[in-house]
Amino acid sequence: MAMLYIPRCLNRGIRNLLLQQRSFSAQPIHQFNEDDIKEKLQQFPGGSIDLQKEGEIATLIINQPERINAFTGTMILELRDRVEELESWTNGKGLILRGADNTFCSGSDLNTVRAISNPKDGMTMCMFMQNTLTRLQRLPLISVALVQGVALGGGAELTTACDFRLMTSESEIRFVHKLMGLVPGWGGATRLVQIIGYRNALKLLSSADRVRSAKALRIGLADKILPSSDHNWCMEETQKWLSHYIKGSSKVIQAIKNVAVSGRELPLEESLRNEKCIFSTMWASPDNLKALSTVMKHK
Ligand SMILES: CCCC(=O)SCCNC(=O)CCNC(=O)[C@H](O)C(C)(C)COP(=O)(O)OP(=O)(O)OC[C@H]1O[C@@H](n2cnc3c(N)ncnc32)[C@H](O)[C@@H]1OP(=O)(O)O
């Protein structure tokens, strides 16, 4: 885990504070013994979660196209491994989350869902995924979900674990949980309220309506509509869109993501203290001194 660069030269107090803050990023929301649920999920194989790194942008691919990228037991486990790998990617700046074969994700694999359809397994699977997606959301990378095709149920929840969402004009996000006698359990309801506010979130959850791209843009669920669904074009556009937000050194970009996460998640005073600590790692840093040595006009 290397969430944040912590220089050795800092005094011990600040270093300790920063180490605490770093552990906040990867700290599990739910502390429980994961062995049983890992063993259970292992019994439901299929598909994969692939990680590709190209320069400073990584791409996570939800890959089970024959079932519209439904999430099997082993994909839940692989997602955790890939997120852990990204936590120690010190040079990274951006992350794209997408599905294979021009569609995003049809949610939990219904075969897995049926097999773990008892309260104990449901609860531990829910805690496992909440821990993973919270860690994904807190990665010091600017993340964007590229939503092609459908993002249903758990797939819709996954999109909310990214900082931003780009949709094609033909794609849809749909919280179908109500139709299955459920509520979101991967943290999607909590994050949805944070993204689009209580009233809009309640409408989407209680109606289970399709949210097409124009509406998603209007209510702030999507950040851009891509007019073509051609996969290569969509990926290029997503990288181009992301590149605007990740210009600069990885240390600066990671620090920016960390102060924003802190502001979203911590009470005011704690967040201000955290911001001060992160600021102290950037003030007079090589990036800062380099910038100061140039003639600066922000016209
Ligand atoms: C806490 C998590 C909550 C959850 O996520 S619960 C899961 C919620 N998701 C669903 O219920 C999705 C149900 N599926 C659908 O509505 C449709 O298949 C969907 C995604 C709109 C795609 O429709 P089409 O494009 O017409 O394709 P299709 O129906 O022929 O599907 C192709 C093959 O994929 C399968 N599939 C799709 N979604 C799946 C899923 N989630 N789990 C397991 N299998 C799934 C589908 O059964 C079909 O298989 P087959 O070719 O008939 O063997």
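In this predicted model, Leu 179 is placed in the loop that runs between β7 (172–174) and α7 (188–196). With a relative accessibility of 55%, Leu 179 counts as exposed, since the cut-off for that class is over 50%. Together with Leu 110, Met 180 and Leu 182, Leu 179 makes a nonpolar surface patch of about 390 Å².

Aromatic contacts were examined next. A pair of aromatic rings is described by the distance of the centres and the angle of the planes. The structure holds five aromatic pairs, and one of them, formed by Phe 164 and Tyr 245, is stacked, with 5.8 Å from centre to centre and 25° between the planes. This pair links distant parts of the chain, for Phe 164 belongs to strand β6 (residues 164–168), whereas Tyr 245 is found in the loop between α10 (231–243) and α11 (250–265), the two residues being 81 residues apart. Phe 164, at 23% relative accessibility, counts as partly exposed, and Tyr 245, with a relative accessible area of 37%, is likewise partly exposed.

Tyr 245 also forms an aromatic pair with Trp 241, which is tilted, with 4.9 Å between the centres and 50° between the planes. Trp 241 has a relative accessibility of 15% and therefore counts as buried, as the limit for a buried residue is under 20%. Through these ring pairs, Phe 164, Trp 241 and Tyr 245 are linked into a cluster.

A contact between a charge and a ring was also found: the charged end of Arg 80 sits over the ring of Phe 128, at 4.1 Å from the centre of that ring.

Methods. Residues are numbered from 1 along each chain as its sequence is written. This is a predicted model: local features need pLDDT of at least 70, side-chain atom pairs count only at pLDDT 80 or more; totals for chains, interfaces and linings use all residues. Side-chain values use heavy atoms; hydrogens and water are left out. Patches are made of residues with over 30% relative accessible area and no salt bridge: like charges are joined within 9 Å, nonpolar side chains (Val, Leu, Ile, Met, Phe, Trp, Tyr) within 5 Å. Accessible areas come from the Shrake-Rupley method with a 1.4 Å probe; for residues, only the protein chains shown count as cover. A salt bridge is a side-chain nitrogen of Lys or Arg within 4 Å of a carboxyl oxygen of Asp or Glu. Helices (H or I, at least four residues) and strands (E, at least two) are DSSP runs, numbered from the N terminus. Buried means under 20% relative accessible area, exposed over 50%, partly exposed in between (1.4 Å probe, protein chains only). Rings of Phe, Tyr and Trp (its six-membered ring) pair if their centres lie within 6.5 Å; planes under 30 degrees apart count as stacked, over 60 as edge-to-face and the rest as tilted. A charge sits over a ring if NZ of Lys or CZ of Arg is within 6 Å of the ring centre and within 35 degrees of the ring normal.
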